[in-house]
Amino acid sequence: MPRKDITSGNWAVAEAMRQINPDVVAAYPITPSTDIPMRFSEFVADGLVDTNLVTVESEHSAISACVAASVSGARVMTASSANGVALMHEIFPIAASYRAPIVFGLVNRSLGAPINIHCDHGDSMAERDSGWIHIYCEDGQEVYDTTIMAVRIAEQKDVLLPIFVCQDGFITSHCFEPIEFMDDDVVRKFIGERDPLFPLLDVDNPVAYGSLVLTDYYFEIKRQQVEAMKHVEKAYLDVAAEFAKITGRNYPLVDKYRTEDADYIMVIMSSAAGASKETVDRLREKGHKVGCLRIRLFRPFPAKVIVDALKGAKAIAVCDRAASLGAPAPLFTEIKGALYDAGIHIPANTYVYGLGGRDFFPHNAEEAFMDLINKKMSPEERYLGLRE
Amino acid sequence: MAVKLKDLITKERAMRQGHRMCPGCGAPTVVQQALLAIEQPVVITAATGCLEVSTTIYPYNSWSVPFLHTAFENAGANVSGIEAAYVALKKRGKIKKDIKFIAFGGDGGTYDIGLQSLSGAAERGHDFTYICYNNQGYMNTGAQRSSATPKGASASTSPAGTVIPGKIQKPKDLTAIMAAHHIPYVAQTTIFNPMELIEKIKRAVETPGPAFVNVLAPCVLFWRLEPSMQREICKLAVETRFWPIYEVIDGEWKLGYKPKKFAPVEEFLKPQGRFKHLMKGETGKKIIEDLQKDIEEEWNYVLKLCGETWEPQS
């Protein structure tokens, strides 16, 4: 029987890892993701898993060991945040290029400087071109469910890509909330065993990973990664459908909240969608036709479903928890590109909010919605919750 | 068990012909000799460097055994990850064979940028052998100085100029640093005697736990050395005591070679263009004196730890 428990986003990841019982976890502590390897270490110490836990000396070594273990044929998981993610940056494209299906609990935290331990999406947004799948989660339940689904999506043979399961640092990672857990045997049956292609440890069929590939082949190999990304949406939808059958919990590519007949839509990611949805309800009560579109799958970017959700709107507000200094914010750029490709011109405002963990309140969401309703539109970046 | 050369000649090579290392390069000699005597299947990982780029130019591949390269500074982490996967998969019955794991790195990838990941791997106690082919500089990128480059050598980022006579610092003692990790096997050697290296690597690989072997291996291009002098220059490094040969087995230091006679460091320096500027003028003379002094200090340090004395024939 599924059981409910009051737990945190981090512990939910650790619990998923206990049930997944991966072959190898190589991890290094960094706030706010530290709870994940810490909790998991207790499971190892108590014999609840028989994972080979490699407590490395840096994030760079963590991801290097993960890539090496993954291409060796092992099922591999890890977690990190912010500067740890940045230190791993060199190895992320290597993991993707070697088609290493690592599942990574990414607990979003702002990048220094100034040094700050709280949430924004600057760390994972800096990795948006590293060739990984990115999924952003709204709450602890979704983090737990997505971590389990991620194993299947990443390991699917026509995908074979590493995957970030992102949750908001402290807001989700440290917030205790009721989460429903699946039975261990149900999880294990759902994920199955890894069946690796070309494992390094198959000494009878030796392979080389990491060849020097120059002007004559590099481009073709990168093109294969583009192709792999094209298979992700279907793999995601297949896995999510199977997951929904077992749990009753549905996870579409994007989460549409009262968008069907909405004139004004806010596009947002992760935990801040909570304040946005709350505001949608309040403004609906006042007669405003508003809705919230939360992007779950960010890489590959599901442009078609997003355009379908937005095309009937009169105006939209795109909210980014990251800035692209000197250029439009990342989510806003993607949304504009998707609408342009579809030949749809909807007036769009761009808002940056929540940097360094600055709270995003319903009144911040309301401010953005009221701009749309009052036709205060402009291409200039605006800031929610900022003192100026 | 003693290794016999005639038994090794017919053995399939882990690294086959067709690679693009320079004629006379020490690195392929290290690899060939190192892997010759290992009886178990091996998986190789290498740091970015000459060995890695010259043996794996896609779509060709010189390795007849599994090979992994990811980046420059993480051969220690890579070998940790491979070994961790092996231990996990073996425990779960998915792998049956006994496999050995060897990491190769140049001195840039080992003394400098990869020292942290090597230290971490050694501290964690994975079962692997790390072989540093030490050519005393960043040769793959064009002979920049590393922390293994000897004092007085002209390197492309410490060139012999009119004011500064090449590299002015002493190299770090990486072998002793690795010995200070108190791992089961540490050795320092060079390619002056094939059986000596073959047996040391065999011992390193067969020792459970981490093993580190620091092998001086010339880069003929940037040492500016006749390619045919590969073995001879290594012999001179040993005879001048520029590169002492020793093992540290479970903390016990054991001297591997004692020259019969005193040979001045110039004998090692002279055949190499990188030291040519030292052969004239007062500054060069002073640096050679410093090098000789450093050799005596280092040699006495090693002798003391090995519980040995040295009385050269006159």
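This is a predicted model: local features need pLDDT of at least 70, side-chain atom pairs count only at pLDDT 80 or more; totals for chains, interfaces and linings use all residues.

Biologist: What makes the 223 residues a nonpolar core?

Modeller: The name asks for buried residues of nonpolar kinds, joined through C-beta atoms within 7 Å. The largest such set here has 223 residues, and A:Ala26, A:Ile163 and B:Ile131 are among those with the most contacts inside it. Helix 4 (residues 75-91) of chain B brings the largest share, nine residues. Domain 1 (3-247) and domain 2 (254-384) of chain A each give at least three residues.

Biologist: Which residues does A:Ala26 touch?

Modeller: Leaving out residues up to four places away in sequence, its partners include A:Val54, A:Cys66 and A:Ala69, and also B:Gly81 and B:Ala84 from chain B.

Biologist: How do you know that the length of helix 7 of chain A agrees with its residue count?

Modeller: Helix 7 (residues 140-155) has 16 residues, so at 1.5 Å a residue it should span 22 Å; the end C-alpha atoms are 23 Å apart, which agrees. This helix also bends by about 30 degrees at A:Met149.

Biologist: Why is helix 7 of chain A called mostly covered?

Modeller: Because buried takes 20 or more other C-beta atoms within 10 Å, and 16 of its 16 residues are buried.

Biologist: What makes up the contact between chain A and chain B?

Modeller: Chain A gives 37 residues and chain B gives 39. On the chain A side, helix 3 supplies the most, with 10 residues. By class, that side has 23 nonpolar, 10 polar and four charged residues.

Note on methods. Residues are numbered from 1 along each chain as its sequence is written. Chains are lettered from A and ligands numbered from 1 in the order in which they are written. A residue is buried if 20 or more other C-beta atoms lie within 10 Å of its own, exposed if 12 or fewer, and partly exposed in between; C-beta atoms are placed from the backbone. Helices (H or I, at least four residues) and strands (E, at least two) are DSSP runs, numbered from the N terminus. Domain bounds come from an automatic or database domain assignment. Two residues are in contact if their C-beta atoms, placed from the backbone, lie within 7 Å. The expected span of a helix is 1.5 Å times one less than its number of residues. The bend at a residue is the angle between axes fitted to the seven residues ending there and the seven starting there. Ala, Val, Leu, Ile, Met, Phe, Trp, Tyr, Cys and Pro count as nonpolar, Asp, Glu, Lys and Arg as charged, and the others, Gly among them, as polar.
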